Amino acid sequence: MTLHDRLFIAGTWRASSRTASVHDPSDGSVLANVAIADDQDLDDAVNAAATSFPAFAATPARERAEMLRRAFEIMSSEIDAIATIVSQENGKVLADAIGEVTYAAEFLRWFSEEAVRVSGDFRASPSGDKTIIVTHDPVGPSLLITPWNFPAAMVTRKIGPALAAGCTVVLKPALETPLTALAIADVFDRAGVPPGVINVVIASPAGPAVSRMLADSRIRNLSFTGSTEVGKLLIRQSAEHVLRTSMELGGNAPFLVLEDADLDEAVRAAMVAKLRNGGAACTAANRFYIARPIAAEFARRLADAMTALRTGPGLGEGVQLGASVSVGERDKIARLVDGAVADGGVTLTGGVVPDGLGAFYPPTVLTVDADNPILDVEIFGPVAPVVAVDSDDEAIRLANASAYGLISYVFGGDLRRTLAVAKRLEAGMVAVNRGVISDPAAPFGGVKESGVGREGGFAGIHEFLESKYIGVEL
Ligand code: NAD
């Protein structure tokens with residue numbers, strides 16, 4: 001597969017006078033030097049999305065569905081090649097990357113099926129004086145901004161519904177992981193998506209590129225996945241033209257284990273919930289609230305399982321935990337753990353940055369008190385702080401004492417009791433007796449400062465549709 005390193009604008013690959021290096025975080029080597037968009041490139045990308053919009057919006061849903069279906073088929077036949085790019089630029093192990101690209105492709109299949117199922121409304125008004133017709137129309141050219149932690153899935157989770165709805169897009173992927181986004185643009189190109197419908201620009205987050213595009217009133221919708229901090233900034237910028245926004249932001253997932261839970265199952269699921277993507281997931285279990293009678297045993301078994309993991313380069317044989325995306329990100333994790341220990345946490349395993357090349361951090365389990373500051377922040381690494389709690393009520397209170405509300409996990413033996421706890425958790429998603437629940441067919445999203453809107457499921461396409469009411473004298 002060609003490694004694309006240029007911008008994709010109006011159906012052509014475009015070089016630039018400025019480039020930025022993309023690194024393999026497992027050894028710091030340079031994978032590619034990607035083109036950085038200048039003002040003209042950004043304007044051209046927005047222009048391409050705006051000028052191709054009317055024809056694309058008017059393209060029959062069946063044709064748009066078939067483009068998505070072809071893209072799904074191409075992507076599915078190239079999973080290993082795309083996953084290799086994901087693993088190299090992100091650091092995650094190949095098996096994780098294959099899982100991600102498979103999941104990413106499924107969004108294209110799901111939305112190819114959704115494209116033809118958008119329904120409207122036709123009914124008499126209750127007063128009987130008119131007929132109410134409601135249609136759902138594409139919102140318009142959309143700016144999509146994606147993070148580095150799932151460089152494939154976050155892209156298709158947005159482009160899938162955008163195209164299904166009839167919207168054109170400018171995608172700005174994370175600067176750390178642009179190669180996957182460019183590879184996916186190539187998939188869409190080969191699937192026959194018309195020029196200008198999908199444009200990919202690469203830009204530094206420190207520069208004015210995003211503000212420039214948001215200042216163009218032809219952009220009508222912003223779909224962002226990333227940190228809460230940047231999300232808030234972009235919501236403020238989106239106010240200027242009163243944009244539709246969809247915000248998939250940070251998380252601080254609590255993982256509750258009630259005392260009647262199957263401990264083996266809970267530890268197995270905790271490993272998945274904690275270590276998917278090396279812990280760099282918005283859905284990663286970030287705080288473990290365990291019933292006191294089983295807390296020490298849970299922490300010991302989790303530490304044993306974590307210690308047994310083999311850490312190394314994502315493409316390495318038998319490696320189970322890869323590198324963080326950069327040394328800077330790894331150092332953030334190390335500072336959080338050092339702080340937690342200074343505040344009284346006890347390390348059961350890990351906790352020490354290894355010598356040598358690469359952005360590696362070891363699998364780490366800590367026991368901490370409920371007021372340890374590490375419980376308030378997204379760790380984004382393979383670190384599990386465990387807290388003993390005295391009741392379901394205390395676990396729920398602590399779980400809900402967060403500005404975030406993306407996902408929560410709860411484990412218990414008695415399903416009625418476990419579901420009663422699940423219902424009281426303030427989160428957009430709750431996993432019951434499972435370590436992972438993400439599914440293209442289900443609505444993904446958070447409450448509180450974890451975001452606004454839902455991706456996937458039946459709701460996902462509506463982030464790219466606007467309803468229009470037509471009142472008719474009939
Ligand atoms: P980030 O917020 O730093 O960056 C996300 C995107 O925004 C990137 O493309 C980045 O280049 C861009 N960006 C950064 N600063 C910007 C600025 N000032 N103006 C405009 N654009 C800017 O997030 P990240 O570090 O790439 O990703 C990790 C975060 O994403 C975590 O908080 C994680 O929880 C969150 N996330 C959420 C979901 C979800 O679905 N809720 C999924 C994956 C990741």
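Okay, let's start with the annotation: UniProt, in an unreviewed entry, puts an "Aldehyde dehydrogenase" domain at residues 14-470. Keep in mind that what we're looking at is a predicted model.

Now, the ligand. How many residues surround it? The count is 27, and the closest are Pro147, Pro205, Gly226, Glu248 and Cys282. If you sort that shell by class, you get 15 nonpolar residues, nine polar ones and three charged ones.

Last bit, helix packing. For a packed pair, we describe the angle between the axes and the distance between the axes. Take helix 2, residues 61-77, against helix 4, residues 94-114: the angle is about 155°, and the axes are 8 Å apart. Anything over 145 degrees counts as roughly antiparallel, so that's what helix 2 is to helix 4. Their crossing is left-handed.

Helix 2 also packs with helix 6, residues 178-190, at about 130°, with the axes 8 Å apart. Helix 2 and helix 6 are therefore oblique to each other, and the crossing of this pair is right-handed.

That's it from me, happy to go back to any of it.

Technical notes
Residues are numbered from 1 along each chain as its sequence is written. This is a predicted model: local features need pLDDT of at least 70, side-chain atom pairs count only at pLDDT 80 or more; totals for chains, interfaces and linings use all residues. UniProt positions are given in the numbering used here, feature names are shortened, and annotations may be inferred rather than shown by experiment. A residue is near a molecule or strand if its C-beta atom, placed from the backbone, lies within 6 Å of it. Ala, Val, Leu, Ile, Met, Phe, Trp, Tyr, Cys and Pro count as nonpolar, Asp, Glu, Lys and Arg as charged, and the others, Gly among them, as polar. Axes are lines fitted to C-alpha atoms, for helices over the stretch in contact, and angles run from 0 to 180 degrees between N-to-C directions. Helices (H or I, at least four residues) and strands (E, at least two) are DSSP runs, numbered from the N terminus. Angles under 35 degrees count as roughly parallel, over 145 as roughly antiparallel, 65 to 115 as roughly perpendicular and the rest as oblique. A crossing is left-handed if the near helix is turned anticlockwise from the far one by less than a right angle, and right-handed if clockwise.
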